[in-house]
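Here's a quick briefing to read with the model open beside you.

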Amino acid sequence: MKLTLKIWRQTGRKDKGRFVSYAMDDVNAEMSMLECLDVLNESLIERGEEPVAFEHDCREGICGSCGFMINGIPHGPLPATTVCQLTMRHFKDGEELVIEPWRAAAFPAVKDLVVDRRSFDRIIAAGGYISVSTGNAPDGNAILVSKDTSDRAMDAAACIGCGACVAACPNASSALFTGAKIAHLSILPQGAPERDGRALNMVAQMNAEGFGGCTNIGECTGACPKEIQLEVIATMNRDFIRGSWKRRDQEVRTVKPMTEWSTGSKLKIDPHATS
Amino acid sequence: MALDSRIPTGPIEQAWEKTKFDLKLVNPANKRKHTIIVVGSGLAGGAASATLGELGYNVKCFCFQDSPRRAHSIAAQGGINAAKNYQNDGDSIYRLFYDTVKGGDFRSREANVYRLAEISVKIIDQCVAQGVPFAREYGGSLTNRSFGGAQVSRTFYARGQTGQQLLLGAYQALERQVNAGTVEMLARTEMLDLIVIDGKARGIVARNLVTGEISTYIADAVVLATGGYGNVYYLSTNAKGSNVTASWRAHKRGALFANPCYTQIHPTCIPVSGDYQSKLTLMSESLRNDGRIWVPMNKGDKRKPEQIPEAERDYYLERRYPSFGNLVPRDVASRNAKAVCDEGRGVGPSGLGVYLDFADAIRRLGEQTIRERYGNLFDMYERITDENPYKVPMRIYPAIHYTMGGLWVDYHLQSTIPGLFVLGEANFSDHGANRLGASALMQGLSDGYFVIPYTIGNYLATNKLGKVEESNAEVRNAVACVNETISKLLSIKGKRTVDSFHRELGKIMWEYCGMSRTAEGLQKAIGQIRELRDDYWQNVTVPGAGADLNQSLEKAGRVADFLELGELMCIDALERNESCGGHFREEHQTPDGEAKRDDEHFSYVAAWGYRGPGNRPELTKEPLEFEYVHPSQRSYK
């Protein structure tokens with residue numbers, strides 16, 4: 001089939017960026033959206049042009065690397081499907097696909113369809129874990145968790161961190177992402193001791209990153225390739241409110257969002273490198 | 001060169017405990033003075049970084065992806081083994097050890113495997129405490145299933161996303177250390193060379209993948225946890241970014257590469273559909289617990305599966321292996337699928353496929369139960385193939401999945417370069433010639449959480465390491481090598497894309513060094529790979545610049561290394577003139593077509609040393625001794 005791909009090209013953060021249209025004459029209906037981009041890129045390289053930069057890795061819908069907007073919908077028209085598993089048979093011959101990156105202040109542009117999602121890592125670092133160092137664990141069956149509870153935790157834990165929820169939200173809020181991790185850990189008995197502080201810290205970091213506020217629109221859950229449910233946001237809000245009261249004396253610390261891709265510690269030679 | 005594997009003496013049951021006691025410790029106040037580089041953030045690297053950070057070391061963790069959570073461990077579906085014996089069905093540490101040595105076709109090191117089985121039980125405890133939502137019974141206890149050729153139920157799982165949940169556990173522990181300031185995370189930073197000073201690993205050269213900046217990082221020890229090299233075949237179940245570059249460049253700096261020809265072909269993947277195909281999608285092996293594998297009895301039978309009556313179907317695994325049936329180990333299941341397709345009985349448009357049929361299981365258990373067990377896998381299959389596996393049988397075919405070979409390590413997981421440690425799939429040590437299902441996650445976490453934190457301390461406590469200056473000749477030499485390779489790749493400006501070379505290499509490897517191998521084929525492959533490699537360095541085109549996000553350049557460096565590794569794999573496969581596990585030499589089979597080992601001549605680890613471009617690598621043998629599990633012909637009949 002024939003398709004036109006109208007793709008956002010941007011050389012870097014300082015470039016304004018623009019759409020460029022590419023005509024594809026021989027798209028196989030069985031190929032994935034990313035394989036379609038592979039075919040385009042091969043032809044661009046052969047013509048001496050720069051290929052379209054896009055993120056991808058596992059191509060099985062689980063690593064969360066890939067993702068872009070297709071005709072204004074994160075990951076395209078098929079529900080519960082990432083672009084790596086979206087086959088071209090879901091498009092019509094002759095169709096034009098407008099392809100552009102996630103757009104959010106907290107996801108600075110890197111190049112073409114690639115954006116910087118390290119803000120998600122910083123939200124997790126603020127408290128998205130259970131503080132148990134290696135070696136401290138009791139026997140696995142010493143902590144009983146009912147099947148229903150475990151299933152609900154798993155539903156929330158299925159988040160792949162792709163960022164579609166943020167891209168879908170008119171406010172560019174990351175409430176679904178943050179809520180999913182808070183819900184996963186908060187539902188389980190292992191996560192209970194840190195429940196209040198965790199919500200306070202993660203929400204504070206989410207705000208520091210420049211994500212917008214949640215106004216319960218629900219576009220996020222509709223766009224989520226793992227169908228994370230809106231109730232995780234309710235869980236986050238509950239934990240946050242309770243934490244705000246019970247931990248009102250707790251000092252909430254956030255880290256400054258880092259947007260440059262400079263080389264880590266900047267130290268060419270580490271001063272601690274000798275013993 | 002003689003290899004000292006540092007295998008402890010005495011009873012195997014006490015070997016690890018004794019070793020741990022004998023290891024020297026680093027004083028808690030001194031730990032922060034030691035910098036440790038960990039390359040890779042999957043189960044092994046993530047777990048190691050988190051744990052070393054918790055202990056107080058100064059850790060720098062590198063990954064080429066945008067976040068440590070993307071590491072390919074995340075894609076593991078089926079589960080993780082542990083000898084908990086929660087099901088009271090006769091499991092034990094010894095049985096897991098025994099099964100793993102036997103499953104590896106007696107080509108692994110007994111002491112390492114025993115330690116792995118011993119540690120397995122602690123892994124589950126740790127992961128539960130981290131909040132990994134393992135599947136549960138109604139009463140709240142952990143549930144298990146039987147998996148990939150095991151006759152006990154010892155596999156723990158979180159739906160079909162066990163790897164994801166375990167990795168997120170390790171990733172969260174890692175981020176906790178980032179927050180605590182003990183771990184510095186360098187995402188989108190790819191290791192391109194190892195710095196070796198006075199014979200010891202002292203750092204890496206890495207490229208920032210966004211800016212293209214080349215930097216050096218100095219440390220007291222370097223840990224590689226960079227995964228396997230299945231992408232040498234181009235098409236595999238590995239993530240697109242998975243590569244051998246870190247391991248290969250360490251190899252070129254003196255680390256021996258062990259058993260490179262041992263690759264695992266996974267029997268249950270979605271068949272190839274066209275030339276544009278970029279990767280193969282795995283369907284979890286757990287499907288074989290309830291699915292029945294068959295092909296038509298007659299060659300060239302083009303009828304739809306539902307039109308083929310029971311009497312004209314050949315459930316070939318159940319027929320040939322009545323006691324294990326559809327649950328035979330991966331290598332056996334894969335070879336049998338290839339055999340029936342070679343006979344012309346394969347199904348699907350390409351004829352390279354067999355049916356995996358759930359009709360009986362649905363009749364027996366109901367669609368709801370099957371949906372609960374495999375729902376996400378069935379959905380994924382339908383998304384990709386547009387066929388509903390609740391109604392028509394799945395079509396599956398074997399694909400490259402895992403590489404048992406890797407950098408040679410001793411019992412401490414140290415390579416032949418002191419101070420360079422190798423964990424997880426990147427090392428060679430625990431799976432012999434064939435890995436059992438649900439054992440990769442176990443090994444990655446065992447190495448990362450419970451082995452390296454002990455053994456690296458001993459190295460640091462017993463080695464006096466001097467200060468490294470930036471002006472050091474070895475540092476400058478490593479940076480120069482990296483810069484030279486990059487500018488060369490960018491300057492060739494030939495006519496062929498990197499992917500086109502990669503695809504061609506993959507075809508050679510799959511044809512001659514894949515599911516079955518012959519001396520003649522391997523020799524042919526070696527010649528073809530050399531020609532292809534020469535052509536690559538004349539004719540490849542890499543657009544763009546070095547000082548930019550340049551995905552073509554990233555791939556170009558990785559494919560250059562695959563073109564060298566491919567040859568070594570063929571050399572190793574040729575040298576190993578026997579069949580064992582995933583390495584099937586057609587010349588060596590039993591009358592009924594099973595792999596025939598030659599223990600008298602090949603009961604060793606083949607560790608290869610790099611001797612410069614174009615020179616034949618040097619083979620060093622580490623003899624394998626089996627004191628506990630006596631080598632026998634594997635039989636799953």
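This is a predicted model: local features need pLDDT of at least 70, side-chain atom pairs count only at pLDDT 80 or more; totals for chains, interfaces and linings use all residues.

Chain A splits into two domains, and two of its alanines, A80(A) and A172(A), have a positive phi.

**Domains and their contact**
- Domain 1 of chain A runs over 3-111, while domain 2 is made of two pieces, 117-132 and 144-246.
- Going by C-alpha atoms, the centres of domain 1 and domain 2 of chain A sit 28 Å apart.
- Where the two meet, domain 1 of chain A puts in 18 residues and domain 2 of chain A puts in 18 residues.
- On the domain 1 side of that contact in chain A, you'll find eleven nonpolar residues, six polar ones and one charged one.

**Positive phi angles**
- As background, most residues other than glycine have a negative phi.
- A80(A) has a phi near 55°, a positive value in a non-glycine residue.
- To find A80(A), look in the loop of chain A between strand 4 (73-74) and strand 5 (96-100).
- A80(A) counts as partly exposed because it has 14 C-beta neighbours inside 10 Å, and that falls between the cut-offs of 12 or fewer for exposed and 20 or more for buried.
- For A172(A), phi is near 50°, again positive in a residue that isn't glycine.
- A172(A) is buried, because 20 other C-beta atoms lie within 10 Å.

Conventions:
Residues are numbered from 1 along each chain as its sequence is written. Chains are lettered from A and ligands numbered from 1 in the order in which they are written. Helices (H or I, at least four residues) and strands (E, at least two) are DSSP runs, numbered from the N terminus. Domain bounds come from an automatic or database domain assignment. Two residues are in contact if their C-beta atoms, placed from the backbone, lie within 7 Å. Ala, Val, Leu, Ile, Met, Phe, Trp, Tyr, Cys and Pro count as nonpolar, Asp, Glu, Lys and Arg as charged, and the others, Gly among them, as polar.
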